[in-house]
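Hi,

Here is the structure I promised to send over.

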Amino acid sequence: MGTVTAAAAISLAAAAASSPSGRRLRRGPVFVRCSSSAADERQALFSRIAPVYDQLNDVLSLGQHRTWKRICVSWSRAKRGDRVLDLCCGSGDLAFLLSQKVGLDGEVMAVDFSRQQLQNAADRQEQRWKLCYKNIKWIEGDALDLPFTGCYFDAVTVGYGLRNVVDKSKAMQEIFRVLKPGSVQVSRLFQHCYSGYGLTEEYKYLKSSIAQYFTGEELEKLAKEAGFSVAKHYELGGGFMGNLVATR
(Lines give C-alpha, C1' and ligand atoms only; values in the text may rest on other atoms or scores of the structure.)
Protein backbone atom coordinates (compact mmCIF):
# COMPACT_ATOMS: atom_id res chain seq x y z
CA MET A 1 0.00 0.00 0.00
CA GLY A 2 1.78 3.09 0.62
CA THR A 3 4.48 5.41 1.51
CA VAL A 4 4.30 8.69 3.34
CA THR A 5 7.04 11.18 4.08
CA ALA A 6 6.87 12.97 7.39
CA ALA A 7 8.50 14.01 10.63
CA ALA A 8 10.55 12.33 13.33
CA ALA A 9 9.41 9.25 15.25
CA ILE A 10 9.49 8.46 18.94
CA SER A 11 12.01 5.77 19.69
CA LEU A 12 9.80 3.05 21.19
CA ALA A 13 12.40 0.30 21.18
CA ALA A 14 16.10 0.20 21.84
CA ALA A 15 18.42 -0.25 18.90
CA ALA A 16 19.94 -3.70 18.42
CA ALA A 17 23.03 -4.10 20.58
CA SER A 18 26.43 -5.60 19.90
CA SER A 19 28.60 -7.77 22.09
CA PRO A 20 32.11 -6.67 23.07
CA SER A 21 33.46 -8.96 20.33
CA GLY A 22 31.52 -7.00 17.74
CA ARG A 23 29.00 -9.75 17.02
CA ARG A 24 25.38 -8.64 17.10
CA LEU A 25 23.21 -10.04 19.87
CA ARG A 26 19.90 -11.53 18.69
CA ARG A 27 17.13 -9.02 19.33
CA GLY A 28 13.54 -9.84 18.38
CA PRO A 29 10.62 -7.49 17.77
CA VAL A 30 9.33 -5.29 20.54
CA PHE A 31 5.70 -6.29 20.95
CA VAL A 32 3.86 -3.13 21.96
CA ARG A 33 0.13 -3.76 21.83
CA CYS A 34 -0.98 -0.24 20.99
CA SER A 35 -4.72 -0.81 20.71
CA SER A 36 -7.32 -3.57 20.74
CA SER A 37 -9.33 -2.02 17.90
CA ALA A 38 -7.59 -3.99 15.11
CA ALA A 39 -9.85 -6.72 13.67
CA ASP A 40 -8.89 -9.95 15.41
CA GLU A 41 -9.89 -12.15 12.48
CA ARG A 42 -7.68 -10.23 10.04
CA GLN A 43 -4.85 -10.29 12.53
CA ALA A 44 -5.15 -14.06 12.86
CA LEU A 45 -5.35 -14.50 9.07
CA PHE A 46 -2.11 -12.67 8.41
CA SER A 47 -0.41 -14.60 11.18
CA ARG A 48 -1.45 -17.85 9.46
CA ILE A 49 -0.11 -16.83 6.05
CA ALA A 50 3.11 -15.32 7.44
CA PRO A 51 5.26 -18.42 6.65
CA VAL A 52 4.50 -18.16 2.90
CA TYR A 53 3.90 -14.42 2.59
CA ASP A 54 7.13 -13.62 0.75
CA GLN A 55 6.80 -16.54 -1.67
CA LEU A 56 3.26 -15.46 -2.48
CA ASN A 57 4.38 -11.94 -3.34
CA ASP A 58 7.05 -13.36 -5.65
CA VAL A 59 4.60 -15.68 -7.40
CA LEU A 60 1.70 -13.27 -7.73
CA SER A 61 3.80 -10.35 -8.99
CA LEU A 62 6.25 -12.43 -11.02
CA GLY A 63 8.97 -10.91 -8.84
CA GLN A 64 8.07 -7.36 -9.85
CA HIS A 65 7.05 -6.37 -6.33
CA ARG A 66 10.73 -5.88 -5.52
CA THR A 67 11.03 -3.15 -8.15
CA TRP A 68 7.78 -1.54 -7.02
CA LYS A 69 9.01 -1.46 -3.44
CA ARG A 70 12.21 0.33 -4.49
CA ILE A 71 10.06 2.86 -6.38
CA CYS A 72 7.89 3.29 -3.31
CA VAL A 73 10.86 4.02 -1.07
CA SER A 74 12.34 6.39 -3.64
CA TRP A 75 9.09 8.36 -3.86
CA SER A 76 8.95 8.63 -0.08
CA ARG A 77 12.00 10.95 -0.31
CA ALA A 78 13.50 9.33 2.78
CA LYS A 79 17.12 10.40 3.23
CA ARG A 80 20.05 9.88 5.56
CA GLY A 81 19.27 10.82 9.15
CA ASP A 82 15.48 10.69 8.77
CA ARG A 83 13.10 8.98 11.15
CA VAL A 84 10.62 6.95 9.17
CA LEU A 85 7.62 4.69 9.71
CA ASP A 86 6.85 1.54 7.74
CA LEU A 87 3.19 0.93 8.52
CA CYS A 88 1.68 -2.55 8.04
CA CYS A 89 5.28 -3.65 7.51
CA GLY A 90 4.63 -7.38 7.03
CA SER A 91 7.89 -9.28 6.67
CA GLY A 92 9.91 -6.07 6.41
CA ASP A 93 10.91 -5.52 2.76
CA LEU A 94 10.23 -1.79 2.82
CA ALA A 95 11.73 -1.40 6.29
CA PHE A 96 15.00 -2.94 5.09
CA LEU A 97 15.11 -0.60 2.07
CA LEU A 98 14.31 2.41 4.25
CA SER A 99 17.03 1.37 6.69
CA GLN A 100 19.62 1.65 3.95
CA LYS A 101 18.25 5.06 2.93
CA VAL A 102 18.33 6.67 6.38
CA GLY A 103 21.53 4.99 7.61
CA LEU A 104 22.72 4.64 11.19
CA ASP A 105 21.91 8.29 11.86
CA GLY A 106 18.24 7.60 11.13
CA GLU A 107 15.53 5.38 12.60
CA VAL A 108 12.96 3.02 11.08
CA MET A 109 9.82 2.16 13.08
CA ALA A 110 8.22 -0.92 11.50
CA VAL A 111 4.64 -1.44 12.74
CA ASP A 112 2.29 -4.38 12.09
CA PHE A 113 -0.65 -5.93 13.91
CA SER A 114 0.56 -9.50 13.25
CA ARG A 115 3.08 -10.75 15.79
CA GLN A 116 4.04 -13.66 13.53
CA GLN A 117 4.81 -11.31 10.62
CA LEU A 118 6.98 -9.22 12.93
CA GLN A 119 8.82 -12.30 14.15
CA ASN A 120 9.48 -13.33 10.55
CA ALA A 121 10.79 -9.84 9.84
CA ALA A 122 13.08 -9.97 12.86
CA ASP A 123 14.34 -13.39 11.76
CA ARG A 124 15.09 -12.02 8.28
CA GLN A 125 16.93 -9.10 9.89
CA GLU A 126 19.12 -11.60 11.73
CA GLN A 127 19.78 -13.69 8.61
CA ARG A 128 20.56 -10.76 6.31
CA TRP A 129 22.47 -8.74 8.87
CA LYS A 130 23.77 -5.37 7.71
CA LEU A 131 25.11 -2.71 10.04
CA CYS A 132 22.38 -0.23 9.08
CA TYR A 133 19.66 -2.69 10.15
CA LYS A 134 20.45 -1.74 13.74
CA ASN A 135 18.20 1.27 13.15
CA ILE A 136 15.01 -0.85 12.73
CA LYS A 137 12.53 -1.32 15.59
CA TRP A 138 9.76 -3.93 15.10
CA ILE A 139 6.56 -2.86 16.87
CA GLU A 140 3.18 -4.58 17.21
CA GLY A 141 0.60 -1.85 16.79
CA ASP A 142 -2.66 -0.60 15.33
CA ALA A 143 -2.83 1.56 12.19
CA LEU A 144 -5.92 3.27 13.62
CA ASP A 145 -4.18 4.36 16.82
CA LEU A 146 -0.50 4.99 16.15
CA PRO A 147 1.70 5.40 19.26
CA PHE A 148 3.49 8.49 17.95
CA THR A 149 2.96 12.20 18.49
CA GLY A 150 1.98 14.48 15.62
CA CYS A 151 4.40 15.65 12.94
CA TYR A 152 7.03 13.09 13.93
CA PHE A 153 8.07 11.24 10.78
CA ASP A 154 10.15 12.29 7.82
CA ALA A 155 8.70 9.40 5.82
CA VAL A 156 6.03 6.73 6.14
CA THR A 157 5.62 3.73 3.88
CA VAL A 158 2.64 1.39 3.62
CA GLY A 159 3.08 -1.70 1.46
CA TYR A 160 -0.31 -3.33 0.83
CA GLY A 161 -1.82 -2.94 4.27
CA LEU A 162 -4.33 -0.13 3.82
CA ARG A 163 -6.88 -2.39 2.16
CA ASN A 164 -6.92 -4.62 5.27
CA VAL A 165 -7.58 -1.80 7.74
CA VAL A 166 -11.09 -1.72 9.19
CA ASP A 167 -11.43 2.08 8.91
CA LYS A 168 -9.39 3.35 5.95
CA SER A 169 -10.36 6.96 6.53
CA LYS A 170 -9.13 6.83 10.13
CA ALA A 171 -5.91 5.15 9.05
CA MET A 172 -5.27 7.89 6.48
CA GLN A 173 -5.93 10.53 9.12
CA GLU A 174 -3.42 8.86 11.43
CA ILE A 175 -0.81 8.82 8.66
CA PHE A 176 -1.47 12.51 8.03
CA ARG A 177 -1.22 13.27 11.75
CA VAL A 178 2.22 11.73 12.26
CA LEU A 179 3.72 13.33 9.13
CA LYS A 180 5.56 16.61 8.99
CA PRO A 181 4.15 19.31 6.72
CA GLY A 182 5.49 18.97 3.19
CA SER A 183 5.96 15.22 3.47
CA VAL A 184 4.77 12.68 0.90
CA GLN A 185 2.66 9.52 1.07
CA VAL A 186 2.86 6.67 -1.42
CA SER A 187 0.24 3.92 -1.11
CA ARG A 188 0.60 0.70 -3.08
CA LEU A 189 -1.91 -1.99 -4.03
CA PHE A 190 -1.97 -5.21 -6.01
CA GLN A 191 -4.96 -5.18 -8.36
CA HIS A 192 -4.44 -8.89 -9.02
CA CYS A 193 -6.81 -11.43 -7.39
CA TYR A 194 -4.96 -13.80 -5.07
CA SER A 195 -5.74 -17.51 -5.13
CA GLY A 196 -4.58 -20.93 -4.06
CA TYR A 197 -1.21 -21.74 -2.49
CA GLY A 198 -2.94 -24.10 -0.05
CA LEU A 199 -4.70 -21.20 1.71
CA THR A 200 -8.15 -21.31 0.13
CA GLU A 201 -10.11 -19.80 3.00
CA GLU A 202 -7.52 -17.11 3.69
CA TYR A 203 -7.46 -15.98 0.07
CA LYS A 204 -11.23 -15.80 -0.17
CA TYR A 205 -10.82 -12.85 2.15
CA LEU A 206 -7.82 -11.39 0.31
CA LYS A 207 -9.55 -11.71 -3.06
CA SER A 208 -12.62 -10.00 -1.65
CA SER A 209 -10.57 -7.22 -0.02
CA ILE A 210 -8.94 -6.38 -3.35
CA ALA A 211 -12.19 -6.53 -5.30
CA GLN A 212 -13.78 -4.08 -2.85
CA TYR A 213 -10.76 -1.78 -2.62
CA PHE A 214 -10.88 1.85 -3.67
CA THR A 215 -10.17 3.02 -7.20
CA GLY A 216 -7.38 5.49 -7.86
CA GLU A 217 -9.83 8.39 -7.81
CA GLU A 218 -11.34 7.18 -4.53
CA LEU A 219 -7.89 6.93 -2.96
CA GLU A 220 -7.07 10.46 -4.07
CA LYS A 221 -10.32 11.66 -2.49
CA LEU A 222 -9.56 9.74 0.71
CA ALA A 223 -6.17 11.40 1.03
CA LYS A 224 -7.53 14.89 0.39
CA GLU A 225 -10.31 14.38 2.93
CA ALA A 226 -7.63 13.44 5.48
CA GLY A 227 -5.93 16.79 4.84
CA PHE A 228 -3.30 16.10 2.15
CA SER A 229 -2.98 19.10 -0.16
CA VAL A 230 -2.13 17.09 -3.29
CA ALA A 231 -2.91 13.45 -4.10
CA LYS A 232 -2.20 11.56 -7.33
CA HIS A 233 -2.67 7.88 -8.15
CA TYR A 234 -0.29 6.23 -10.63
CA GLU A 235 -0.76 2.86 -12.28
CA LEU A 236 2.22 0.51 -12.56
CA GLY A 237 2.62 -2.77 -14.41
CA GLY A 238 -0.25 -2.09 -16.78
CA GLY A 239 -2.65 -1.49 -13.93
CA PHE A 240 -1.55 -4.57 -12.00
CA MET A 241 -0.24 -2.24 -9.29
CA GLY A 242 -1.05 1.27 -8.17
CA ASN A 243 0.78 3.95 -6.20
CA LEU A 244 -0.94 6.81 -4.43
CA VAL A 245 1.38 9.79 -3.95
CA ALA A 246 0.04 12.43 -1.58
CA THR A 247 1.71 15.58 -0.21
CA ARG A 248 0.78 17.07 3.12
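Before the rest, some housekeeping. This is a predicted model, so local features need pLDDT of at least 70 and side-chain atom pairs count only at pLDDT 80 or more, while totals for chains, interfaces and linings use all residues. Residues are numbered from 1 along each chain as its sequence is written, and side-chain values use heavy atoms, with hydrogens and water left out.

Aromatic rings

Rings of Phe, Tyr and Trp (its six-membered ring) pair if their centres lie within 6.5 Å; planes under 30 degrees apart are stacked, over 60 edge-to-face, and the rest tilted. The count comes to five aromatic pairs. One of them is Phe 176 with Phe 228, edge-to-face at 5.1 Å centre to centre and with 80 degrees between the planes. Phe 176 lies in helix 6 (residues 168-178) and Phe 228 in the loop between helix 8 (216-226) and strand 7 (230-236), so this pair ties together parts that are 52 residues apart in sequence. Helices (H or I, at least four residues) and strands (E, at least two) are DSSP runs, numbered from the N terminus.

Phe 176 is also buried, at 16% relative accessibility. The charged end of Arg 248 sits over the ring of Phe 176, 4.1 Å from its centre; the rule for that is NZ of Lys or CZ of Arg within 6 Å of the ring centre and within 35 degrees of the ring normal. Elsewhere, ring pairs link Phe 96, Tyr 133 and Trp 138 into a cluster.

The core

Phe 228 turns up again in the largest nonpolar core, which has 28 residues. A nonpolar core is a set of buried Ala, Val, Leu, Ile, Met, Phe, Trp, Tyr and Cys residues joined through side-chain atoms within 4.5 Å. Along with Phe 228, the residues with the most contacts inside this core are Leu 85, Leu 87, Phe 148 and Met 172. At least two core residues each come from strand 2 (83-87), strand 3 (107-112), strand 5 (155-158), helix 6, helix 8 and strand 8 (241-247). Helix 6 gives the largest share, five residues.

In strand 3 you will find Ala 110, which is buried with a relative accessible area of 0%. Its C-alpha atom is separated by 8.6 Å from that of Val 84, 26 residues apart along the chain.

Helix 4

Seven of the 10 residues of helix 4 (residues 93-102) are buried, so this helix is largely enclosed by the rest of the structure. Among the buried ones are Phe 96, Leu 98 and Val 102. Just after helix 4, Gly 103 takes a positive phi of about 70 degrees.

Two backbone spots to check

Arg 77 is not a glycine, yet has a positive phi of about 65 degrees. Arg 77 is in the loop between helix 3 (65-75) and strand 2, and is exposed, with a relative accessible area of 52%. Cys 151 also has a positive phi, near 55 degrees. Cys 151 belongs to the loop between strand 4 and strand 5 and is partly exposed, at 35% relative accessible area.

Cheers

Conventions. Buried < 20%, exposed > 50% of the residue type's maximum accessible area, 1.4 Å probe, protein only.
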